[in-house]
Amino acid sequence: MTKKLLLNALFLLLMTAVFAACTPAQTDAESLRVSGAWVRPADVMSAAYLQITNNGRSLQQLVGVETTVADSAEIHKTEMDGDLMQMRPVEAVEIPAGETVQLKPGGEHIMLIGLSAPLVAGDTILLTLTFDSGARLEVEAIVSLEPVE
C-alpha cells in the first residue's frame, strides 16, 4: 500500500509540473496596470502623473513615453539639490514585482514638452508607455487641475 501511495503522489507531482509548463505565461503587458492618469492644463509645457502596478513576477522599468500632443515626452524626477528643488530627466522608473509606483507631483513624472495645442481641463490625451521588456501600454489621461481616481 505504501508503494501505491508513493506512486500516486509521484504521479500527482508530475501532472502538476506538466500542467504548470503548459499554462501560458502572463505577458509583460498583461502584468502591468495603469490607473489615475492625469495631466495638468497648460499652453506650452505640462506634466502627466499616474500609477503603475506590476502584477508580474519580475521587475519592470518604464523607459519611454510617446504622445501626439507634444514634441517630446520625458521621464523626470524632482529632487532637492541643497536648498534648490530641481527637475532632472531619468533613464527609467523601476516598478518592482507585486508593487505599485506613483508618478506624482514633486516626484517622478512625465514632462510633455512643446505642446502642439493648449491642454484644457476636461480633455483627454493618449500616452504610450514603453517598458524595458518591450511591453507598450496606451493610456488615456484626463486633463485636470487635481489628481483623478
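Student: How many salt bridges does the count come to?

Tutor: The count comes to three salt bridges. Keep in mind as we talk that this is a predicted model.

Student: What makes the pair Arg-136 and Glu-66 a salt bridge?

Tutor: Their side chains meet at 3.3 Å, N to O. The rule asks for a side-chain nitrogen of Lys or Arg within 4 Å of a carboxyl oxygen of Asp or Glu, so this pair of Arg and Glu qualifies.

Student: Why is Arg-136 called partly exposed?

Tutor: Its relative accessibility is 45%. Buried means under 20% and exposed means over 50%, so Arg-136 falls in between.

Student: What links Glu-79, Asp-81 and Arg-88?

Tutor: A network of salt bridges links them. Arg-88 meets Glu-79 at 3.3 Å, N to O, and Arg-88 meets Asp-81 at 3.0 Å, N to O. Each value is within 4 Å, so each pair counts as a salt bridge.

Student: Are these residues buried, exposed or partly exposed, and how do you know?

Tutor: The relative accessible area is 31% for Arg-88 and 40% for Asp-81, while Glu-79 has 29% relative accessibility. These values lie between 20% and 50%, so Arg-88, Glu-79 and Asp-81 are partly exposed.

Student: Why is Thr-53 called buried?

Tutor: Thr-53, whose place is in strand β2, has 8% relative accessibility. That is under 20%, so Thr-53 counts as buried. Leaving aside residues up to four places away in sequence, Thr-53 touches Ser-31, Leu-32, Arg-33, Ile-95, Glu-99 and Thr-100.

Student: What joins the side chains of Thr-53 and Thr-100?

Tutor: A polar contact of 2.8 Å joins them. The cut-off for N or O atoms is 3.5 Å, and 2.8 Å is within it.

Student: How do you know that strands β2 and β8 pair?

Tutor: Pairing needs at least two bridges, and β2 (residues 45–54) and β8 (residues 108–115) have four, so they pair, in the antiparallel sense. One of the bridge partners is Ile-113 in β8, which goes with Met-45.

Student: What about strand β4 and β8: how many bridges are there?

Tutor: Strand β4 (residues 70–81) pairs with β8 over seven bridges, again in the antiparallel sense. Here, Ala-70 has Leu-115 in β8 as its bridge partner.

Terms used. Residues are numbered from 1 along each chain as its sequence is written. This is a predicted model: local features need pLDDT of at least 70, side-chain atom pairs count only at pLDDT 80 or more; totals for chains, interfaces and linings use all residues. Side-chain values use heavy atoms; hydrogens and water are left out. Helices (H or I, at least four residues) and strands (E, at least two) are DSSP runs, numbered from the N terminus. Buried means under 20% relative accessible area, exposed over 50%, partly exposed in between (1.4 Å probe, protein chains only). A polar contact is a pair of N or O atoms within 3.5 Å; within protein, one must be able to donate a hydrogen and the other to accept it, and residues adjacent in sequence count only if both atoms are side-chain atoms. Contact means heavy atoms within 4.5 Å.
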